[in-house]
Amino acid sequence: MTVEEFNQTVDLYADNLYRFILSNIKDVDKARDIVQDTYEKLWLKVSDVETTNAKAYMFTTGYRTMLDAIKKEKNRGDMSEVRMNTLQSNNKYSDLKEVLNEALSKLPEIQRTVVLLRDYEGYNYAEIGDITGLKESQVKVYIFRARGFLKEYIGKMENVI
(Lines give C-alpha, C1' and ligand atoms only; values in the text may rest on other atoms or scores of the structure.)
Protein backbone atom coordinates (compact mmCIF):
# COMPACT_ATOMS: atom_id res chain seq x y z
CA MET A 1 0.00 0.00 0.00
CA THR A 2 1.34 3.42 -0.88
CA VAL A 3 1.10 6.57 1.22
CA GLU A 4 -1.64 7.88 -1.08
CA GLU A 5 -3.61 4.66 -0.68
CA PHE A 6 -3.15 4.85 3.10
CA ASN A 7 -4.51 8.42 3.14
CA GLN A 8 -7.42 7.38 0.93
CA THR A 9 -8.17 4.47 3.28
CA VAL A 10 -8.19 6.83 6.24
CA ASP A 11 -10.55 9.19 4.42
CA LEU A 12 -12.92 6.39 3.38
CA TYR A 13 -13.19 4.35 6.57
CA ALA A 14 -12.29 6.54 9.56
CA ASP A 15 -15.89 7.54 10.28
CA ASN A 16 -17.22 3.97 10.01
CA LEU A 17 -14.50 2.64 12.31
CA TYR A 18 -15.07 5.45 14.81
CA ARG A 19 -18.86 4.84 14.87
CA PHE A 20 -18.32 1.12 15.37
CA ILE A 21 -15.89 1.61 18.25
CA LEU A 22 -17.97 4.38 19.85
CA SER A 23 -21.14 2.31 19.72
CA ASN A 24 -19.36 -0.42 21.65
CA ILE A 25 -17.55 1.54 24.35
CA LYS A 26 -19.68 4.72 24.64
CA ASP A 27 -16.68 6.96 25.41
CA VAL A 28 -15.75 9.56 22.80
CA ASP A 29 -12.16 10.02 23.96
CA LYS A 30 -11.43 6.31 24.23
CA ALA A 31 -12.99 5.69 20.82
CA ARG A 32 -10.78 8.37 19.28
CA ASP A 33 -7.72 6.86 20.94
CA ILE A 34 -8.57 3.39 19.67
CA VAL A 35 -9.11 4.65 16.12
CA GLN A 36 -5.83 6.54 16.29
CA ASP A 37 -4.02 3.43 17.56
CA THR A 38 -5.60 1.44 14.74
CA TYR A 39 -4.30 3.81 12.11
CA GLU A 40 -0.88 3.81 13.74
CA LYS A 41 -0.81 0.00 13.54
CA LEU A 42 -1.92 0.18 9.90
CA TRP A 43 0.84 2.68 9.18
CA LEU A 44 3.44 0.39 10.73
CA LYS A 45 2.22 -2.44 8.47
CA VAL A 46 1.57 -0.24 5.41
CA SER A 47 3.98 -2.20 3.23
CA ASP A 48 2.42 -5.55 4.26
CA VAL A 49 -1.26 -4.67 3.85
CA GLU A 50 -2.81 -4.61 0.42
CA THR A 51 -5.27 -1.87 -0.44
CA THR A 52 -8.05 -4.38 -1.09
CA ASN A 53 -7.69 -5.74 2.47
CA ALA A 54 -7.26 -2.40 4.22
CA LYS A 55 -10.85 -2.08 5.47
CA ALA A 56 -10.93 -5.59 6.92
CA TYR A 57 -7.48 -5.08 8.45
CA MET A 58 -8.61 -1.82 10.05
CA PHE A 59 -11.80 -3.23 11.55
CA THR A 60 -10.01 -6.34 12.79
CA THR A 61 -7.23 -4.29 14.33
CA GLY A 62 -9.69 -1.75 15.75
CA TYR A 63 -11.81 -4.50 17.26
CA ARG A 64 -8.82 -6.16 18.89
CA THR A 65 -7.46 -2.83 20.12
CA MET A 66 -10.87 -2.10 21.62
CA LEU A 67 -10.89 -5.48 23.37
CA ASP A 68 -7.45 -4.77 24.80
CA ALA A 69 -8.68 -1.41 26.12
CA ILE A 70 -11.75 -3.04 27.67
CA LYS A 71 -9.60 -5.70 29.33
CA LYS A 72 -7.39 -3.00 30.83
CA GLU A 73 -10.48 -1.27 32.21
CA LYS A 74 -11.79 -4.52 33.67
CA ASN A 75 -8.47 -5.15 35.35
CA ARG A 76 -8.76 -1.75 36.98
CA GLY A 77 -12.29 -2.52 38.08
CA ASP A 78 -13.89 0.47 36.32
CA MET A 79 -16.36 -1.56 34.29
CA SER A 80 -19.75 -2.13 35.86
CA GLU A 81 -21.46 -5.44 35.29
CA VAL A 82 -24.60 -5.57 33.21
CA ARG A 83 -27.72 -6.73 34.94
CA MET A 84 -29.32 -9.23 32.60
CA ASN A 85 -32.26 -10.13 34.83
CA THR A 86 -34.45 -7.32 33.52
CA LEU A 87 -35.72 -8.10 30.06
CA GLN A 88 -38.44 -5.50 29.80
CA SER A 89 -37.99 -1.79 29.54
CA ASN A 90 -40.25 -0.02 32.02
CA ASN A 91 -39.57 3.41 30.55
CA LYS A 92 -41.77 4.81 27.81
CA TYR A 93 -39.69 6.46 25.11
CA SER A 94 -40.59 8.41 22.05
CA ASP A 95 -37.08 8.14 20.59
CA LEU A 96 -36.53 4.73 19.01
CA LYS A 97 -32.80 5.32 18.64
CA GLU A 98 -32.49 5.90 22.38
CA VAL A 99 -34.39 2.67 23.07
CA LEU A 100 -32.18 0.73 20.67
CA ASN A 101 -29.00 2.15 22.19
CA GLU A 102 -30.19 1.24 25.67
CA ALA A 103 -31.05 -2.27 24.52
CA LEU A 104 -27.68 -2.66 22.78
CA SER A 105 -25.88 -1.58 25.93
CA LYS A 106 -27.51 -4.48 27.80
CA LEU A 107 -26.07 -7.08 25.41
CA PRO A 108 -22.87 -8.97 26.20
CA GLU A 109 -19.89 -7.42 24.44
CA ILE A 110 -19.46 -10.09 21.74
CA GLN A 111 -23.16 -10.12 20.83
CA ARG A 112 -23.25 -6.33 20.60
CA THR A 113 -20.14 -6.37 18.41
CA VAL A 114 -21.43 -8.92 15.90
CA VAL A 115 -24.86 -7.27 15.67
CA LEU A 116 -23.29 -3.87 15.06
CA LEU A 117 -20.96 -5.28 12.42
CA ARG A 118 -23.83 -7.08 10.69
CA ASP A 119 -26.72 -4.65 10.98
CA TYR A 120 -24.98 -1.27 11.14
CA GLU A 121 -21.83 -1.82 9.11
CA GLY A 122 -23.22 -4.39 6.65
CA TYR A 123 -20.55 -7.08 6.94
CA ASN A 124 -21.46 -10.66 6.02
CA TYR A 125 -21.02 -13.55 8.45
CA ALA A 126 -17.65 -14.65 7.06
CA GLU A 127 -16.23 -11.13 7.27
CA ILE A 128 -17.47 -10.76 10.85
CA GLY A 129 -15.80 -14.07 11.65
CA ASP A 130 -12.53 -12.80 10.22
CA ILE A 131 -12.76 -9.56 12.19
CA THR A 132 -13.68 -11.13 15.51
CA GLY A 133 -11.78 -14.39 15.16
CA LEU A 134 -14.96 -16.44 15.51
CA LYS A 135 -16.24 -19.25 13.32
CA GLU A 136 -19.06 -18.32 10.97
CA SER A 137 -21.46 -20.61 12.86
CA GLN A 138 -20.58 -18.87 16.14
CA VAL A 139 -21.25 -15.50 14.54
CA LYS A 140 -24.69 -16.66 13.42
CA VAL A 141 -25.52 -17.97 16.90
CA TYR A 142 -24.43 -14.73 18.60
CA ILE A 143 -26.46 -12.64 16.15
CA PHE A 144 -29.51 -14.87 16.62
CA ARG A 145 -29.27 -14.63 20.41
CA ALA A 146 -28.68 -10.87 20.33
CA ARG A 147 -31.65 -10.26 18.06
CA GLY A 148 -33.81 -12.45 20.28
CA PHE A 149 -32.77 -10.46 23.34
CA LEU A 150 -33.37 -7.16 21.55
CA LYS A 151 -36.84 -8.31 20.46
CA GLU A 152 -37.66 -9.42 24.00
CA TYR A 153 -36.25 -6.25 25.57
CA ILE A 154 -37.94 -3.80 23.27
CA GLY A 155 -41.22 -5.69 23.19
CA LYS A 156 -44.05 -4.52 21.03
CA MET A 157 -43.62 -1.33 19.04
CA GLU A 158 -46.77 0.07 20.65
CA ASN A 159 -44.95 0.06 23.99
CA VAL A 160 -42.06 2.02 22.55
CA ILE A 161 -43.92 4.72 20.63
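**G62 and its setting**

Tutor: G62 is buried, its relative accessible area being 0%; buried means under 20%, exposed over 50%, and partly exposed in between, with a 1.4 Å probe and protein chains only. The model is predicted, so local features need pLDDT of at least 70 and side-chain atom pairs count only at pLDDT 80 or more, whereas totals for chains, interfaces and linings use all residues. Residues are numbered from 1 along each chain as its sequence is written, and side-chain values use heavy atoms, without hydrogens or water.

G62 lies in helix α3; helices are DSSP runs of H or I with at least four residues, strands are runs of E with at least two, and both are numbered from the N terminus. If neighbours within four places in sequence are set aside, G62 contacts L17, I21, I34 and T38, a contact being heavy atoms within 4.5 Å. The C-alpha atoms of G62 and D37 are 7.9 Å apart, although 25 residues separate the two along the chain.

Not counting residues up to four places away in sequence, I21 touches A31, I34, V35, G62, Y63 and M66. I21 and Y39 have the most contacts inside the largest nonpolar core, which has 40 residues. Such a core is a set of buried Ala, Val, Leu, Ile, Met, Phe, Trp, Tyr and Cys residues joined through side-chain atoms within 4.5 Å. Two or more residues of this core come from each of α1 (3-25), α2 (28-44), α3 (54-76), α4 (96-106), α5 (109-120), α6 and α7.

The last two of these elements also pack against each other. Helix α6 (residues 125-132) meets helix α7 (residues 136-154) at an angle of about 100°, with the axes 8 Å apart. The two are therefore roughly perpendicular, since that label covers 65 to 115 degrees, while under 35 counts as roughly parallel, over 145 as roughly antiparallel and the rest as oblique. Their contact involves Y125, A126, I128, G129 and T132 of α6, together with E136, V139, K140, I143 and R147 of α7.

For the protein as a whole, the secondary structure consists of eight helices and zero strands. Of its 161 residues, 35% count as buried. Among contacts with a separation of 6 or more, 66% join residues 24 or more positions apart.

Methods. Axes fitted to C-alpha atoms, helices over the stretch in contact; angles between N-to-C directions.
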